[in-house]
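Subject: Structure handover

Hello,

Here is the structure we talked about. Please open it first, then read my notes below.

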Amino acid sequence: MNDQTTTTGTASPLKRSALKGKARASLLGHYMPLSSAFLSLAILQYIITAPSGLIQVHPPFGTILYYAVTFAISVFFGIFQVGITGLFLSNSCHQPVYAGGIFSGFWHEPLKAIQIQLVLSLLLCIPEIVPSLLFSLYLQSGRVNMVYLYAAAGISIVFLPFVLYVKTLYSQVFFIMLDFPELSAKECLKRSRRLMKGHKWQYFLLMVSFLPWLMGGFLTCGIGLLYVYPYQKQTYAYFYLELVSLKSAEAAGAKA
């Protein structure tokens, strides 16, 4: 897909309205396979993760085992992240897409995808597990001990800037993995950091702009997410393509 990343430059390449406009245009006629892919992935994730919740009933060993299994599953799902990312990147480049593409990560260097996701999961391990553990203690107390609930909310708020920073910094890593298959997992992570240099705030604002859409999706019992999720992910794919184009133009200008 490398040859496609240099053909999408515009006068304002990272303008949110322009990116969203491109996303809406490219989704016309392709919502069914992309929404089906999202729904299939959500169902698959629930089927795999739901049974692990049963082992929490025997703390503390059950609780420890639960979080270990949850962490392992999150790392494994890096393979599916490659598949879903590939679908939207392909659609951006006017290539055929189909719902079964979520499994394409299994034949696109799955070990590399797991290595990348392992780093991301380790970085976010404490910010995600500690609030979840405190909330579990609140539920186990019969929802009487409010200290656990307040602590869970407080720690989540404290960690929120770090979580957003990490997710922004490495937001491009799976696009890079697919676009530059010759790079190692470490090099993909490094290139994502370099690519986002000077553009983290733009990406953050792009993420925030989808909050009303996501809230609307949840208010429709999740049905609206079948529209919102492809719209969001397609916009992110165009952000990546435009960012690569912009960086290429900057590099060419520096050499001139």
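Is valine 82 buried or exposed? At 1% relative accessibility, valine 82 counts as buried, because the cut-off is under 20%. Bear in mind that this is a predicted model. Valine 82 belongs to helix α4. Beyond its neighbours within four places in sequence, valine 82 is in contact with Gly105, His108, Ala113, Phe174, Met177 and Leu178. Valine 208 is another matter: 126 residues separate it from valine 82 in sequence, and the two C-alpha atoms are 23 Å apart in space.

Next, the loop between α4 and α5. Histidine 94 counts as exposed, at 70% relative accessibility. Glutamate 109 is in the loop between α4 and α5 too. Its phi is near 50°, a positive value in a residue other than glycine. Glutamate 109 is partly exposed, with a relative accessible area of 40%.

Now helix α2. The helix covers residues 31-49. It has 19 residues and reaches 27 Å from its first C-alpha to its last, close to the 27 Å expected at 1.5 Å a residue. Buried in α2 are Pro33, Leu34, Ser35, Ala37, Phe38 and Leu41. These buried residues pack against α1 (16-27), α4 (78-92) and α12.

Serine 35 deserves a look. At 12% relative accessibility, serine 35 counts as buried. A polar atom of its side chain lies 2.6 Å from the backbone oxygen of leucine 226. Leaving aside neighbours within four places in sequence, serine 35 is in contact with Leu226 and Pro230.

On to glutamine 234. This residue is found in helix α12. A polar atom of the glutamine 234 side chain lies 3.1 Å from the backbone oxygen of phenylalanine 88. The side chain of glutamine 234 also makes a polar contact with the side chain of serine 92, at 2.6 Å. Neighbours within four places in sequence aside, glutamine 234 is in contact with Ala23, Ser26, Leu27, Leu34, Phe88, Asn91 and Ser92.

Then the aromatics. How many aromatic pairs does a search of the whole structure find? The search finds 19. One of them joins tyrosine 203 and tyrosine 236: the pair is tilted, 5.2 Å centre to centre, with 35° between the planes. This pair links distant parts of the chain, with tyrosine 203 in helix α10 and tyrosine 236 in helix α12 (residues 225-255), 33 residues apart. Tyrosine 203 and tyrosine 236 are buried.

Tyrosine 236 also pairs with phenylalanine 210. That pair is edge-to-face, 6.0 Å centre to centre, with 80° between the planes. Phenylalanine 210 lies in the loop between α10 and α11 (211-219) and tyrosine 236 in helix α12, so the pair ties together parts that are 26 residues apart in sequence. Phenylalanine 210 and tyrosine 236 are both buried. One aromatic cluster is formed by Tyr31, Tyr203, Phe210, Trp213, Tyr227, Tyr231, Tyr236 and Phe239.

Charges over rings come next. The charged end of lysine 20 sits over the ring of phenylalanine 210, 4.5 Å from its centre. The charged end of arginine 191 sits over the ring of phenylalanine 180, 4.8 Å from its centre.

Last, helix α7. This helix spans residues 146-169, 24 residues in total. From its first C-alpha to its last it reaches 35 Å, close to the 34 Å expected at 1.5 Å a residue. Where does α7 bend? The bend is at phenylalanine 159, by about 45°, and proline 161 follows within four residues. The buried residues of α7 are Ala152, Val163, Val166, Thr168 and Leu169. Their cover includes α5 (110-123), α6 (125-140), α9 (185-195) and α10 (200-209).

Best wishes

Definitions and conventions
Residues numbered from 1 in each chain as written. Heavy atoms only, no water. Helix = DSSP H or I, 4+ residues; strand = E, 2+ residues; numbered from the N terminus. Buried < 20%, exposed > 50% of the residue type's maximum accessible area, 1.4 Å probe, protein only. Polar contact = N/O pair within 3.5 Å; in protein donor to acceptor, adjacent residues only side chain to side chain. Contact = heavy atoms within 4.5 Å. Expected span 1.5 Å × (residues − 1). Bend = angle between axes of the 7 residues up to and from the residue. Phe/Tyr/Trp six-rings, centres within 6.5 Å; stacked < 30°, edge-to-face > 60°. Lys NZ or Arg CZ within 6 Å of the ring centre and 35° of its normal.
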